[in-house]
Amino acid sequence: MTAGLHTVRLTPVADPPDGGAPATLFDARVVSPAGACHGLLATAPPVALHDRPGPAFEDEHLVLDLTEPTGLCRRRQADVLHVGFLPTGDDGARLTGVLSAYPGCAVATAERRGGAVLLLARTGGRLILRPAFGAHRTGGAPTLPLALGSLAHAWLAAGRALTELDWFGPCDRFRRTGRQDVLRERG
């Protein structure tokens with residue numbers, strides 16, 4: 001089970017390597033009951049230095065997966081709700097319905113075909129992230145949609161807009177190849 005209390009720590013780091021797209025990078029660590037997911041979170045356009053969440057920003061919140069039986073019992077208290085895989089094009093309406101039904105929920109997520117993850121914030125921000133090179137999962141780490149929901153919640157809690165997020169990828173792969181594992185889907 002990867003649902004439960006998640007703690008996210010965002011720490012600003014250096015700008016991307018030469019040749020990379022202009023962005024601001026954050027070391028991002030999501031810790032859940034199942035383990036940890038660690039990587040780089042990038043914003044686009046770049047966030048000015050004084051607008052960053054500070055030397056480090058930490059956020060703790062309740063994340064539930066509504067596809068798991070245990071996710072149903074505390075759904076009214078959840079900050080992030082994941083509805084599972086939605087094969088049809090009504091995923092935006094479904095997530096809007098989740099946010100309407102559960103006023104305490106700040107972010108709703110769903111998986112789409114091809115591994116894309118749709119995130120919808122109560123603030124109205126909507127973002128689609130898709131895996132570019134496969135989902136980054138380490139033994140016991142939160143699943144990608146739950147980890148992305150947690151990162152989005154922390155970003156919103158830091159006073160930022162969901163639409164500023166551009167990609168998330170593991171630190172080691174980014175440093176080796178300059179490529180990201182999760183990219184923002186361009187409309």
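Student: Is L41 buried or exposed, and what is its relative accessible area?
Tutor: L41 is buried, at a relative accessible area of 4%. Buried means under 20%, so L41 qualifies. Keep in mind that this is a predicted model.

Student: Where does L41 lie?
Tutor: In strand β3.

Student: Which residues does L41 touch?
Tutor: Leaving out residues up to four places away in sequence, L41 touches L10, T24, L25, F26, A28, L151, W155, L165, W167 and F168.

Student: How far apart are L41 and F26?
Tutor: They are 15 residues apart in sequence. In space, C-alpha to C-alpha, the separation is 5.1 Å.

Student: Switching to rings. How many aromatic pairs does a search of the whole structure find?
Tutor: One. F26 and W155 form an edge-to-face pair, 5.1 Å centre to centre, with 75 degrees between the planes.

Student: Which parts of the chain does the pair link?
Tutor: Distant ones: F26 is in strand β2 and W155 in helix α3, 129 residues apart. Both F26 and W155 are buried.

Student: Now the largest nonpolar core. Which residues touch the most other members?
Tutor: Of its 27 residues, those are L10, L41, L119, L148, L151, L162 and F168. Elements that each supply at least two residues include β1 (4–12), β3 (35–43) and α3 (144–157).

Student: Which element gives the most to this core?
Tutor: α3, with nine residues.

Student: What is L119 in contact with?
Tutor: Beyond its neighbours within four places in sequence, the contacts of L119 include V107, L127, L129, L148, A152 and L162.

Student: What does the second core include?
Tutor: That separate core has 19 residues, among them L81, L99, A110 and I128.

Methods: Residues numbered from 1 in each chain as written. Predicted model: local features only at pLDDT ≥ 70, side-chain atom pairs only at ≥ 80, totals over all residues. Heavy atoms only, no water. Core = buried A, V, L, I, M, F, W, Y, C linked by side-chain atoms within 4.5 Å. Buried < 20%, exposed > 50% of the residue type's maximum accessible area, 1.4 Å probe, protein only. Helix = DSSP H or I, 4+ residues; strand = E, 2+ residues; numbered from the N terminus. Contact = heavy atoms within 4.5 Å. Phe/Tyr/Trp six-rings, centres within 6.5 Å; stacked < 30°, edge-to-face > 60°.
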